[in-house]
There are 2 protein chains.
Amino acid sequence: MRKYQSLLNSLEKYDSFLLTTHVNPDGDAVGSLLGLKYILQSYADEIDLVVEDSVPEYLSFLSGTEDIYLSDELANTERKTDYDLVFVVDCGDLERIGKVADLIPEGNKIINIDHHDDNQEYGSYNYVDSTVSSAGELVYDLAVELGANFKKDFGMAIAAAIITDTGNFKFSNTTPKAHRIIADMLELGIDTKRIIKEVYQRESYGGLKLKGKVLSDLKLAGDRNIAWASVSQQDLDLFEVDWEDTEGLVNSIRGVKGVEVGVLFKEVAEEKIRVSFRSNEYFAVNEFAHQFEGGGHPRAAGCTVMAPLAEAEERVISKLESELGVKNQ
Amino acid sequence: MRKYQSLLNSLEKYDSFLLTTHVNPDGDAVGSLLGLKYILQSYADEIDLVVEDSVPEYLSFLSGTEDIYLSDELANTERKTDYDLVFVVDCGDLERIGKVADLIPEGNKIINIDHHDDNQEYGSYNYVDSTVSSAGELVYDLAVELGANFKKDFGMAIAAAIITDTGNFKFSNTTPKAHRIIADMLELGIDTKRIIKEVYQRESYGGLKLKGKVLSDLKLAGDRNIAWASVSQQDLDLFEVDWEDTEGLVNSIRGVKGVEVGVLFKEVAEEKIRVSFRSNEYFAVNEFAHQFEGGGHPRAAGCTVMAPLAEAEERVISKLESELGVKNQ
């Protein structure tokens with residue numbers, strides 16, 4: 001079955017394309033965008049890639065990222081804005097492309113390639129499949145249907161999309177096909193170790209020592225179903241690191257056996273405590289965070305408490321205990 | 001090419017098998033052992049699985065582990081000891097089966113199935129291939145050649161072998177075929193998420209605190225390309241944990257930006273230091289470990305140094321520095 005038949009039929013007719021994805025682009029967004037560029041290049045006189053926010057540093061090793069425009073940049077150039085086709089990848093909702101929307105004239109044909117199950121079908125063509133691992137997998141399918149000649153740059157982009165969106169094959173969206181695409185791309189000669197290294201192994205020396213120190217002070221609360229820890233300004237100074245180096249810490253805290261909620265307190269200023277919550281199975285941390293004027297997703301949320309660190313810890317943990325049950329003595 | 005042809009020709013003639021693997025069995029050892037049992041069952045009147053040390057707790061979810069004998073146990077039963085065939089999996093050297101050797105009469109036919117590149121070819125039949133990801137991949141090949149009917153238990157065992165030995169597809173031994181086997185096993189209906197959860201997401205509270213403490217004391221050596229840390233008996237006592245809780249620590253150490261070799265010293269007894277090495281790109285840690293009578297793979301190896309902790313640290317790190325280059329001042 002050729003799912004892209006309708007697009008394939010008309011692709012030859014067009015020659016200028018705008019390719020975009022969601023704000024705060026992640027690995028699937030950037031990898032899909034680049035992969036799409038490599039396979040559409042032979043059809044286009046002009047391809048512009050544009051995103052509202054810059055590509056995160058951990059993805060900058062992918063070749064081609066240097067040619068992705070910021071929407072503010074592109075708005076200030078004399079580039080044409082009446083593209084024949086606008087490809088939007090990895091976006092359930094067109095609002096998620098942010099300010100890129102201002103660059104698309106009313107009536108431009110939109111091709112929607114996505115794997116979110118709440119996709120709004122906002123395109124002229126909608127290729128939406130929520131059973132795949134990633135938008136990258138859909139771009140790969142398009143490449144296959146177009147009979148594209150795979151090059152390593154394409155392979156790296158698609159592999160980055162799949163690896164990041166499946167948490168390196170750990171998440172429940174990992175499909176047999178995701179594994180097979182990576183197998184094919186490995187045989188093409190791509191270096192998945194590079195992807196893993198750039199994305200997952202970028203711990204700094206000071207950062208790892210800081211995480212170590214924070215985890216060594218880990219505490220349990222409630223019925224041993226709450227684990228929490230704190231990072232003070234002093235800790236950052238001691239190890240000469242910054243807040244970026246605390247990335248991933250709250251996921252480690254959530255990972256303790258028997259724990260439902262992991263909490264990390266960050267003393268971003270003297271009486272300003274940023275609190276991150278992660279839960280494993282049932283506790284909706286976004287609803288909990290609402291009580292402190294925060295928000296987020298059911299399994300990942302946050303809030304800010306304007307109080308000294310010890311007071312913020314006490315207020316949040318005691319409230320959590322009252323909702324999750326206290327320790328059975 | 002049927003690489004197991006010679007074994008296949010003779011398998012029908014035999015009906016009692018002993019299956020074993022190395023001391024301190026890991027996921028590849030246990031997974032391969034169980035996988036082999038599932039495919040040999042139809043040929044055998046009697047199959048005994050035996051290992052010197054017990055299966056680690058994080059692998060006990062694999063069905064069949066409850067039937068693996070400890071060598072001491074089997075020595076005290078009235079089981080026969082003149083097996084027709086002895087299968088040894090994931091062992092480069094026959095010495096690595098430890099006390100299991102006492103259960104094998106002189107002259108017993110040994111089938112050596114392994115992926116270590118320094119394998120000693122100690123078997124009557126040697127199926128050694130160091131280009132594969134794991135011993136599990138070789139057992140899978142045998143199953144294919146035997147035309148075995150794959151069941152989920154077999155799939156889980158092989159998937160556990162591959163996932164653990166490739167660090168869930170992160171290590172450089174990850175082959176396209178490793179991915180394809182997992183894709184096939186996923187379609188068979190196995191639950192790889194269970195494997196990942198049992199193996200990687202079972203941090204105990206004390207274990208995480210211990211790791212935190214160890215990482216907070218992380219040290220750099222050489223030209224900042226060596227990172228190392230130590231775990232003492234006292235640390236284990238302090239956090240009320242055991243050696244199993246140090247699993248994964250050496251991989252975190254290797255993950256520091258700019259580091260080529262990560263080293264973890266474990267004081268398993270007062271003057272007995274177990275040293276684990278991991279490298280990232282070019283330094284062959286198995287060759288290095290040979291100098292301390294250890295061994296392993298180019299990117300993952302180990303040795304034991306009979307000395308007090310501080311002395312073992314000094315000997316190993318200064319030797320490593322002399323090979324990797326000292327700090328540029």
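What follows is a chat about labels and the values behind them.

Modeller: First the ground rules: this is a predicted model, where local features need pLDDT of at least 70, side-chain atom pairs count only at pLDDT 80 or more, and totals for chains, interfaces and linings use all residues. Residues are numbered from 1 along each chain as written, chains are lettered from A and ligands numbered from 1 in the order written, and side-chain values use heavy atoms, leaving out hydrogens and water.

Biologist: Fine. What makes Cys91(B) buried?

Modeller: Buried means under 20% relative accessible area, exposed over 50%, and partly exposed in between, with a 1.4 Å probe and protein chains only. Cys91(B) has a relative accessible area of 0%, so it is called buried. You'll find Cys91(B) in the loop between β4 (85-89) and β5 (109-114) of chain B.

Biologist: Why is Phe169(B) called buried?

Modeller: Because Phe169(B) has 3% relative accessibility, it counts as buried. Its place is the loop between α5 (152-165) and α6 (176-188) of chain B. Phe169(B) also has a positive phi, near 70°, though it isn't a glycine.

Biologist: And Glu240(B), buried or exposed?

Modeller: Exposed, because its relative accessible area is 74%. Glu240(B) is in the loop between α9 (233-239) and α10 (249-254) of chain B, and it is another non-glycine residue with positive phi, near 55°. Gly206(B) is 34 residues away from Glu240(B) in sequence, with 6.6 Å from C-alpha to C-alpha.

Biologist: What makes helix α4 of chain B "mostly covered"?

Modeller: Of its 11 residues (135-145), 10 are buried. Among them are Ala135(B), Leu138(B), Tyr140(B) and Glu145(B). After α4(B) comes Gly147(B), with a positive phi near 65°.

Biologist: How do you describe two packed helices?

Modeller: By the angle between their axes and the distance between those axes. The axes are lines fitted to C-alpha atoms over the stretch in contact, with angles from 0 to 180 degrees between N-to-C directions. In chain A, α4 (residues 135-145) and α5 (residues 152-165) pack at about 145°, axes 8 Å apart. The residues making that contact include Val139(A) and Tyr140(A) from α4(A), plus Phe154(A) and Ile158(A) from α5(A).

Biologist: What classes of residue does the contact of α4(A) with α5(A) have?

Modeller: Seven nonpolar, one polar and one charged. Ala, Val, Leu, Ile, Met, Phe, Trp, Tyr, Cys and Pro count as nonpolar, Asp, Glu, Lys and Arg as charged, and the others, Gly among them, as polar.

Biologist: And how much of chain A is buried?

Modeller: Buried residues make up 54% of its 329 residues.

Methods
Helices (H or I, at least four residues) and strands (E, at least two) are DSSP runs, numbered from the N terminus. Contact means heavy atoms within 4.5 Å.
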